[in-house]
Amino acid sequence: MIPIARPWIGEEEKKEVEKVLDSGMLAYGEWVKNFENEFAKYIGVREALATTNGTQALILALEAVGVKNKEVIVPSFTFIASATSIIRAGGKPVFVDVEERTFNIDPEDVRKKITKNTKAIMPVHLYGQAANMDEIMEIAEDHELYVIEDAAQAHGAEWRGKKAGSIGHIAAFSFYPTKNMTTGEGGMVTTNDENLAEKVSMLRNHGQTSRYMHEFLGWNFRMTNIAAAIGLVQLKKLDKANDIRRENAKYYNDMLGDYVITPYEHPNAKHVYHQYTIRVKDRDKLVELFKKEGIGYGIYYPMGNHEQPIMQKLGYTAKLPVTEKLCKEVISIPVHPLITREDREKVAETIILHARNL
Ligand SMILES: Cc1ncc(COP(=O)(O)O)c(C=O)c1O
């Protein structure tokens, strides 16, 4: 079986985790602080705050901005957590469509959906490619809105040479094992705003302002030293891992460009290919072939969040034509750094065979 994703874990991660275990300091401590400092440096922001996963990083960012009873504009074509985190923070997701070529938030639709009650826009850097941050920041400035970047899939991605997660007011990353870097489960909030960082830091730790003094309702969303030890090593490998992903993507572009719709890389963006996602008209047949050949694949996402049962129950009825079309056509193929040359050749040849036999 050729897996769709596989974490790149080696001896270095094991040794670093062993150091934590030997130290006896398993929970939030020195390793987490080092990881936060190194991650902030890498992204190019003043503050980075580690947390237990990407969903909770989003919730903390949204709560710090303050979206209670406010609207947050978010693309529908993303993982469910982008939307549910808004609800968990007391806000209301307002779904917008995406651009067909980039799969990312459509600035035109954002403009149409701003109301007096809008507080923030949440661009999602889907599949590892930054959304059009020029347009999003301009709209936000015009309407005095916050920009919360969902960078869960975009470690190392860039827009005009700036890292995803350093452009909006605040951002959230995920370190789930399928991501470009992992800590097992884990997440990070990044920001240049010291006030937002302080709020996140307190919310993450029971709303504590000084020892055992709790001024507002918080959570326990702290990362452990064990997770951070893995993250420190993973961060050192991230650029290399992303280079290999880009190399694999180039190979697929060259091989598959004549047969299926391959991903579009925006000239202002450095894509880090968290996913390499093609579009086909007859996805079910390709899935059948992948299953027969033992090729891992992913369908991200089979339906827009606005169509999910939970959102229907909450009364969402809007139609988003581009999202709905993409949901029927997209399929992601293995692009991770551990795929062998033979395996990626097998993936490409299977797709070509499929396309030729139609
Ligand atoms: C776009 C997006 N947002 C948020 C999340 C949530 O991250 P986590 O799974 O770490 O909670 C993910 C991860 O799967 C994601 O892909």
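This is a predicted model: local features need pLDDT of at least 70, side-chain atom pairs count only at pLDDT 80 or more; totals for chains, interfaces and linings use all residues.
Student: In which loop is Y301 found?

Tutor: Y301 is joined to Y300 by a cis peptide bond, with omega at about 15 degrees. As for its place in the chain, Y301 is in the loop between α9 (283-293) and α10 (309-313).

Student: Is E144 buried or exposed?

Tutor: E144 is in the loop between α6 (133-143) and β5 (146-150). Its phi is near 50 degrees, a positive value in a residue other than glycine. A residue counts as exposed when its relative accessible area is over 50%. The value for E144 is 74%, so this residue is exposed.

Student: Is Y273 buried or exposed?

Tutor: Y273 also has a positive phi, about 45 degrees, although it is not a glycine. Its place is in the loop between β12 (269-270) and β13 (276-279). The limit for buried residues is under 20% relative accessible area. Y273 has a relative accessibility of 2%, and therefore it counts as buried.

Student: Which helix supplies the largest share of the shell around the ligand?

Tutor: Two helices, α3 (54-65) and α4 (80-88), each supply at least two residues of this shell. The largest share is three residues, and the helix that supplies them is α3.

Student: How many residues of the shell are nonpolar, how many polar and how many charged?

Tutor: There are 15 residues around the ligand, and G54, T55, D150, S174 and K179 come nearest. Sorted by class, the shell has five nonpolar, eight polar and two charged residues.

Student: How far is a nitrogen atom of the ligand from an N or O atom in the side chain of D150?

Tutor: D150 is among the residues that come nearest to the ligand. For comparison, a polar side-chain atom of Q153 lies 2.9 Å from an oxygen atom of the ligand. For the side chain of D150 and the nitrogen atom of the ligand, the distance is 2.7 Å.

Methods. Residues are numbered from 1 along each chain as its sequence is written. Side-chain values use heavy atoms; hydrogens and water are left out. A residue is near a molecule or strand if one of its heavy atoms lies within 4 Å of it. A polar contact is a pair of N or O atoms within 3.5 Å; within protein, one must be able to donate a hydrogen and the other to accept it, and residues adjacent in sequence count only if both atoms are side-chain atoms. Helices (H or I, at least four residues) and strands (E, at least two) are DSSP runs, numbered from the N terminus. Ala, Val, Leu, Ile, Met, Phe, Trp, Tyr, Cys and Pro count as nonpolar, Asp, Glu, Lys and Arg as charged, and the others, Gly among them, as polar. Buried means under 20% relative accessible area, exposed over 50%, partly exposed in between (1.4 Å probe, protein chains only).
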